[in-house]
Amino acid sequence: MDFKTEKLLHGGDYNPEQWLNRPDILEKDIEMLKEAGCNVVSLGIFSWSTLEPEEGFYQTEWLENIVNNLYENGIYTILATPTGARPKWMADKYPEVLRVDENRRRMLFGFRHNHCYTSPVYREKTAKINGLLSQRLGKHPGVILWHVSNEYGGECHCPLCQKAFRNWLREKYGTIENLNDKWCTTFWSHTYQSFDQIESPSSIGETQLHALNLDWKRFVTHQTADFLHHEIQAIREGGSTLPTTANLMYYYDGLDYFRLAKEIDVVSWDTYPTWHKEAVMETAYDNGMCHDLMRSLKNKPFFQMESCPGSTNWQGVSKLKKPGVLFSQSMQAIAHGGEGALYFQIRQSRGASEKFHGAVIDHYGGKDTRVFKEVAKTGQALAQISELAGSRVVSKVAILFDWSSRWAMEDSQGPRNKGLHYMEVLRKVYRGFRKKGLNVDLIDMECNLSGYEILAIPMGYMFKEGFAEKVRAFVEKGGTLITTYWSGIADDTDRCYLGGTPYGLMDVLGIRSEEIDGLYDWEENQMVPVKDNELGLSKTYTCKYLCDLVKVQTARTLMTYGSDFYKGYPCLTVNEYGEGKAWYVACDGEKEFYEDFIGRALDDSHIAGAVKEEIPEGLEITTRETDSIRYYIYQNFGESPVMPPLPDGEIQCIFGSASEPLPSFGFLLLKSFK
């Protein structure tokens with residue numbers, strides 16, 4: 001089901017159970033939330049021990065009172081299931097709910113997400129508490145959405161999970177002979193005689209069967225998604241039909257979010273960029289790319305569930321957000337298709353792990369703090385641009401980001417075992433498109449390619465069955481393809497393809513990869529333009545880390561390597577296939593190469609961005625639209641004011657000024673009618 005609001009959400013995680021003995025503080029919280037322009041809070045996360053202090057003894061009156069008071073003051077609730085951390089009585093009485101690590105040790109009670117998703121006891125207790133909350137608050141007019149658990153993650157290697165893993169493998173492969181074939185278990189004499197012999201990967205056991213490692217990660221995703229489904233089913237059986245979300249995390253390596261997203265109605269995520277660790281614009285590109293990934297998981301609007309109003313307490317250096325950053329980060333979530341910008345946390349805890357994590361209301365508790373004023377400014381701005389709610393981001397560009405491929409590639413023991421720089425390459429490709437003002441979706445291999453004009457496959461190590469055919473059809477029908485080195489190497493069980501790579505696309509790209517050179521960190525090569533190449537590239541660029549040596553078949557060469565024994569070998573090629581074009585980048589070029597190359601490749605394919613003029617450095621332009629309106633959203637992440645290049649036609653200004661330079665951390669919203 002869809003999640004729709006008439007306004008953009010503004011608020012955050014609220015933990016009133018920490019303040020039940022201070023009604024004066026609870027009263028002041030509502031006053032300050034209203035002054036900050038907050039219209040929603042996420043409530044009940046990690047509150048299980050307060051809701052069920054003893055087994056079977058429930059006390060929900062405090063929660064119901066909080067929800068009532070918030071609603072009476074115009075503040076809605078995103079109601080959480082409290083299952084991210086279990087109470088002590090449960091761990092003591094039912095130790096099976098605690099996880100077992102990869103060395104087969106049962107964990108002690110503590111921390112959070114220290115629970116087994118397979119445990120029948122944990123599932124039973126979860127169903128009871130979720131069902132009770134659904135019965136008592138699931139139809140409350142002040143509750144608008146379910147927040148299921150909190151930041152799902154981690155794995156369990158207990159006997160229950162081992163059995164479930166074997167059953168999952170049995171269902172997937174059918175016979176042990178098929179599994180042995182797909183896993184290549186004759187390597188090092190690791191052949192299995194039955195599924196019952198298989199164990200999860202462990203540093204004191206098996207780690208060198210890459211297909212085992214890969215399928216274990218897939219199983220962990222499957223079991224987590226199944227538990228998420230179980231949580232939501234309990235909510236439904238309790239009578240609530242409200243939509244659901246689960247807050248995801250920044251490019252989290254432990255779960256395939258495309259699979260997890262199928263269980264929920266709306267995606268939300270927790271964003272904690274390290275502003276000022278590098279150039280602000282580079283952080284903005286990285287954060288924006290993750291926003292686009294989260295939006296792409298369901299190809300629907302999402303929202304920022306958590307962000308820090310000040311400094312975190314867990315990063316290596318917990319740096320303050322400089323003036324304007326909090327506002328800009330919140331607005332960026334909206335620009336990239338978000339329906340809200342929420343914070344962790346509303347009121348700062350007095351003790352334990354997160355007592356120094358930033359909050360809207362700090363230990364001082366006043367309204368005259370710098371952070372509170374910025375939060376209030378953000379609330380005012382969100383109210384002013386509320387017409388954006390319900391509009392969508394439409395993208396011409398798709399970039400492949402597939403969890404299974406990433407898992408397999410990083411485990412492949414290939415040309416570089418220390419630093420494949422995959423995420424770095426992904427960002428450089430993304431940056432090239434965003435510099436032209438193009439919206440970008442991040443997709444996996446199961447996504448539909450129709451509607452896109454350009455597809456980029458940076459380091460697409462794994463080609464699942466049917467994917468090459470899908471890409472081939474995309475190019476044949478007129479699509480533009482950009483592929484890089486280390487693509488189409490292995491199948492979906494991490495078996496290397498025979499007969500040449502990139503598998504299934506050699507004729508589309510007009511090349512065949514022969515060898516790949518892993519460079520030491522201190523080594524580099526050059527990308528030298530061929531005279532009079534068709535893109536007019538004239539600069540020589542640096543490349544590092546990986547250099548693919550390709551044999552040209554029907555492709556044309558635009559750039560060649562400048563040194564080493566493969567000097568003169570192609571490192572940028574292009575090939576016509578059907579009605580489309582396919583580009584191949586054979587090495588890890590510097591970001592300026594991707595900026596220049598992608599810009600010219602887009603011009604070559606007549607793919608236009610948001611505006612015709614060149615976009616100044618530091619400026620990000622994103623578009624959202626409805627059936628009749630297109631919105632243009634400008635954000636300046638640079639240090640100096642810039643004049644915004646405007647779209648053609650008649651425009652209206654909704655926020656900011658289109659006739660003046662946009663200041664650093666400035667925000668401008670325009671709209672035009674189609």
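How many aromatic pairs does a search of the whole structure find? The search finds 36. The model is a predicted one. Two of these contacts are worth a walk-through.

Start with Tyr117 and Tyr152. Their rings pair edge-to-face. Tyr117 has a relative accessibility of 5%, so it counts as buried. Tyr152 is also buried, because its relative accessible area is 2%, against a cut-off of under 20%.

Now turn to Phe327 and Phe667. Their ring centres are 6.3 Å apart and their planes stand at 85°, so this pair is edge-to-face. Phe327 lies in helix 11 (residues 325-335), while Phe667 lies in strand 23 (residues 667-673). The pair therefore ties together parts that are 340 residues apart in sequence. Are these two phenylalanines, Phe327 and Phe667, buried or exposed? Both Phe327 and Phe667 are buried.

Charges also meet these rings. Arg99 places its charged end over the ring of Tyr117, 5.1 Å from the ring centre. Lys377 does likewise with Phe327: its charged end sits over that ring, 4.6 Å from the centre.

How values were computed
Residues numbered from 1 in each chain as written. Predicted model: local features only at pLDDT ≥ 70, side-chain atom pairs only at ≥ 80, totals over all residues. Heavy atoms only, no water. Phe/Tyr/Trp six-rings, centres within 6.5 Å; stacked < 30°, edge-to-face > 60°. Buried < 20%, exposed > 50% of the residue type's maximum accessible area, 1.4 Å probe, protein only. Helix = DSSP H or I, 4+ residues; strand = E, 2+ residues; numbered from the N terminus. Lys NZ or Arg CZ within 6 Å of the ring centre and 35° of its normal.
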